[in-house]
Amino acid sequence: MSSTTSPTLSHRQILTILAGLMMAMFLAALDQTIVSTAMRTIADDLGGFSIQAWATTAFLITSTIATPLYGKLSDIYGRKPFILFAIGIFIVGSALCGLADSIYQLAAFRAVQGIGAGGLFSLVFAIIGDIVPPRERAKYQGYFLAVFGTSSVLGPVLGGFFAGSDQLLGVTGWRWIFYINVPIALAAFLVVLRVLHIPHHRTDHRIDWPGALALVVTLVPLLTVAEQGREWGWGSGRSVTCYAIGAVGLILFLVAEYAYKDEALLPLRLFRGRTFSVASTGSFILGMAMFGGLLTLPLYLQIVKGATPTEAGLMLLPLVLGIMTGSIVSGQVIAHTGRYRIFPILGSLLMIVALFLFSRIGADTPLWRTMLVMGLMGLGLGGNMQPVITAAQNAANPREIGVATSTVTFFRSMGGTLGAAVFLSVLFSLMPDKIRGAFTAAAATPDFQAAARSNPQLVDQIRTTATSGSASSFNNTSFLEKLPAALSHPFKVGFSDSMSVVFMVATAIMVVGFVVILFLPELPLRSMSAADQRAAEQAPAAAAPAAALPDPTPNGGSAPAAATTTVATAVIAPPEPGEAPDPVASGGAHGSDEVASGNGHHASHAAGAHEAEGEATPTDTEPRHAR
């Protein structure tokens with residue numbers, strides 16, 4: 001397919017491409033939950049329990065750093081080679097993880113895996129932006145939220161199954177957590193290789209390597225301290241050193257982005273547009289509230305309700321169903337009405353209500369009530385996540401879909417990392433006092449006194465666990481199941497009370513997110529895909545028939561020169577602030593005929609500038625080739 005051919009695809013062709021993309025995204029989403037469930041078993045087998053967090057930290061660092069790089073490079077060189085590279089490196093990383101003989105090897109191989117995962121998340125949504133018009137996009141993106149939700153349930157189930165199996169086909173059970181990725185990823189690789197054909201016109205650009213290096217210097221220490229800060233101490237020497245290095249890296253990154261301007265890894269001018277700024281900020285806050293708040297739910301189900309990791313994963317099913325319902329409903333309505341702004345607003349409100357209701361859940365709350373709140377939370381997430389990405393893609397220049405998508409994903413990931421660090425710190429710092437208070441209140445009851453006399457050693461074990469204040473001390477709470485209810489109940493009350501504070505903090509953060517989302521503008525959704533628009537812009541002047549413009553001379557005579565100039569200048573809008581001047585629009589040595597012949601390209605350039613500034617233009621709602 002040539003670069004000038006419209007890549008408009010049928011619904012069946014889009015679904016075929018989606019099949020490969022969904023398999024790829026399923027792997028990246030599943031990997032996070034399936035590994036975390038089995039990490040304790042893996043660490044014990046490899047003899048690295050005390051440093052197991054590095055296996056997670058390494059994956060997080062490389063996947064987060066890779067996300068904006070994939071977006072920028074794929075905008076320059078095309079999506080297909082980079083999505084294939086991401087799948088391929090994920091396959092290699094998965095196979096190596098299954099062969100790891102030490103926790104250090106596992107951490108290194110997880111870093112390789114993370115390089116692939118960072119591309120899978122961002123490029124999948126960028127490709128959807130390429131092949132599907134914004135008005136139809138939310139309808140298809142709902143499939144990916146369903147994949148994300150399904151992986152959240154299947155991850156703990158599969159992780160618990162493999163971790164609990166000593167041998168499967170002669171291989172240690174937990175190693176299948178990584179090996180299972182290989183055939184699925186190979187199938188995704190072959191599907192994408194065969195069916196994904198998006199025409200791309202390569203343009204010469206400088207690559208912002210200084211910005212990429214500065215981003216590494218910024219994120220590596222900050223993500224490291226976010227993961228390790230609870231163990232190190234947030235004010236320890238190592239933490240302060242990480243803060244200082246991250247701050248220097250951030251300054252260097254901003255200097256590099258300013259110097260590279262439009263060729264920057266993350267062009268700063270994008271943030272001048274209200275849509276992009278609101279989408280990025282809102283995604284950061286959403287990530288904090290969502291990942292930080294929901295991280296405590298599986299702990300609640302396992303510690304307070306006594307569920308196994310597998311059972312806890314199945315108990316999260318209402319959350320998944322809510323996400324699927326919210327995303328499908330919002331996608332269908334957006335496709336029919338072309339309006340998206342109402343869904344992030346309603347979704348944020350539902351999340352505020354759900355987080356507040358979670359804060360009212362205690363040790364004795366019936367499970368069905370908790371599951372109803374999960375469903376409400378899922379509806380909020382489903383109505384929030386994808387419409388925000390659609391808004392950012394719709395407002396971006398078609399040539400910068402990858403950057404726009406990866407940036408929103410990047411901010412959401414960073415928000416989730418910060419939220420997890422903050423909320424888990426709050427949880428584990430409050431638990432010792434809350435549990436001591438609950439035990440003090442229960443100690444006066446006859447039931448507790450009788451149980452304590454019968455089980456003095458278990459009472460001491462509870463007190464040791466409760467007063468340590470360390471996250472690692474709660475890695476094994478199975479002893480609670482052996483206790484009489486009178487002894488275990490105060491422990492569960494203390495945990496629930498600590499969790500309530502976490503959800504109240506998450507509620508307050510989500511209120512801020514709701515206020516931010518209120519500033520999201522409602523732009524008309526374009527009816528052309530980004531690839532169609534780019535193809536139309538790059539088509540030679542001969543491909544656009546003169547009949548596409550109204551005939552200024554009804555009698556068939558020659559058009560006056562003044563009329564030609566009027567038509568040309570009417571189509572070319574002046575550049576917005578922060579955009580490079582258009583050499584044709586600015587006149588110079590170009591004659592009026594040359595201006596007229598290039599009007600299609602320059603109109604789209606001006607439209608992209610308007611979109612970046614959050615303004616609606618005629619190209620937002622009408623295909624260029626139809627005018």
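**Note on the predicted model: loop, helix pairs and selected residues**

1. Leucine 169 has a relative accessibility of 79%, and for this reason the residue counts as exposed, the cut-off for that class being over 50%. The model under discussion is predicted. In this model, leucine 169 sits in the loop that links β1 (167-168) to β2 (171-172). Its backbone deserves a remark: phi is positive, about 55°, although leucine 169 is not a glycine. Most residues other than glycine have a negative phi.

2. The overall composition of the chain may be stated briefly. The chain contains 23 helices and two strands. Of its 627 residues, 53% are buried. When contacts between residues at least 6 apart in sequence are considered, 83% of them join residues at least 24 apart.

3. How do helix α3 and helix α4 cross? Their axes come within 8 Å and the crossing angle is roughly 150°. Helix α3 covers residues 80-98, and helix α4 covers residues 103-131. The two helices are therefore roughly antiparallel to each other, since an angle over 145 degrees falls in that class. The crossing of α3 past α4 is left-handed. The contact of these two helices is made up of 18 nonpolar, five polar and one charged residues.

4. Helix α8 (residues 209-232) and helix α9 (residues 237-260) form another packed pair, with axes 7 Å apart and an angle of about 155°. Because of that angle, α8 is roughly antiparallel to α9. The handedness of the crossing of α8 and α9 is left-handed. Sorted by class, the residues of this contact comprise 16 nonpolar, five polar and two charged.

5. Helix α14 (residues 342-359) and helix α19 (residues 485-517) have axes that come within 8 Å and cross at roughly 165°. That angle makes α14 roughly antiparallel to α19. Here, too, a left-handed crossing is found, with α14 passing α19. On the α14 side, the residues of the contact include Pro344, Ile345, Leu349, Met351 and Phe356. On the α19 side, they include Met499, Phe503, Met504, Val511 and Phe514. Which classes of residue make up the contact of α14 with α19? There are 16 nonpolar and four polar residues, and no charged residues.

6. Valine 501 also belongs to helix α19. With a relative accessibility of 29%, valine 501 is classed as partly exposed. Beyond its neighbours within four places in sequence, valine 501 is in contact with Val426, Leu430 and Lys434. Valine 501 and valine 426 are 75 residues apart along the chain, yet their C-alpha atoms are separated by 8.1 Å.

7. Is serine 63 buried or exposed? Its relative accessibility is 11%, so serine 63 counts as buried, the limit for that class being under 20%. Serine 63 is located in helix α2, which spans residues 53-77. With residues up to four places away in sequence set aside, serine 63 touches Gly114, Ala117 and Gly118.

8. Phenylalanine 189 lies in helix α7 (residues 181-195). Its relative accessibility of 25% places phenylalanine 189 among the partly exposed residues. Apart from neighbours within four places in sequence, phenylalanine 189 is in contact with Leu84, Ile87 and Gly88. A separation of 9.4 Å lies between the C-alpha atoms of phenylalanine 189 and alanine 86, which are 103 residues apart along the chain.

9. Leucine 367 is part of helix α15 (residues 367-395). At 27% relative accessibility, leucine 367 is partly exposed. Which residues does leucine 367 touch, not counting those up to four places away in sequence? They are Leu301, Lys305 and Met315. For leucine 367 and lysine 305, the C-alpha atoms are separated by 8.0 Å, while the two residues are 62 residues apart along the chain.

Definitions and conventions. Residues numbered from 1 in each chain as written. Predicted model: local features only at pLDDT ≥ 70, side-chain atom pairs only at ≥ 80, totals over all residues. Heavy atoms only, no water. Helix = DSSP H or I, 4+ residues; strand = E, 2+ residues; numbered from the N terminus. Buried < 20%, exposed > 50% of the residue type's maximum accessible area, 1.4 Å probe, protein only. Contact = heavy atoms within 4.5 Å. Axes fitted to C-alpha atoms, helices over the stretch in contact; angles between N-to-C directions. Parallel < 35°, antiparallel > 145°, perpendicular 65-115°, else oblique. Left-handed = near helix turned anticlockwise from the far one by under 90°. Nonpolar A, V, L, I, M, F, W, Y, C, P; charged D, E, K, R; others polar.
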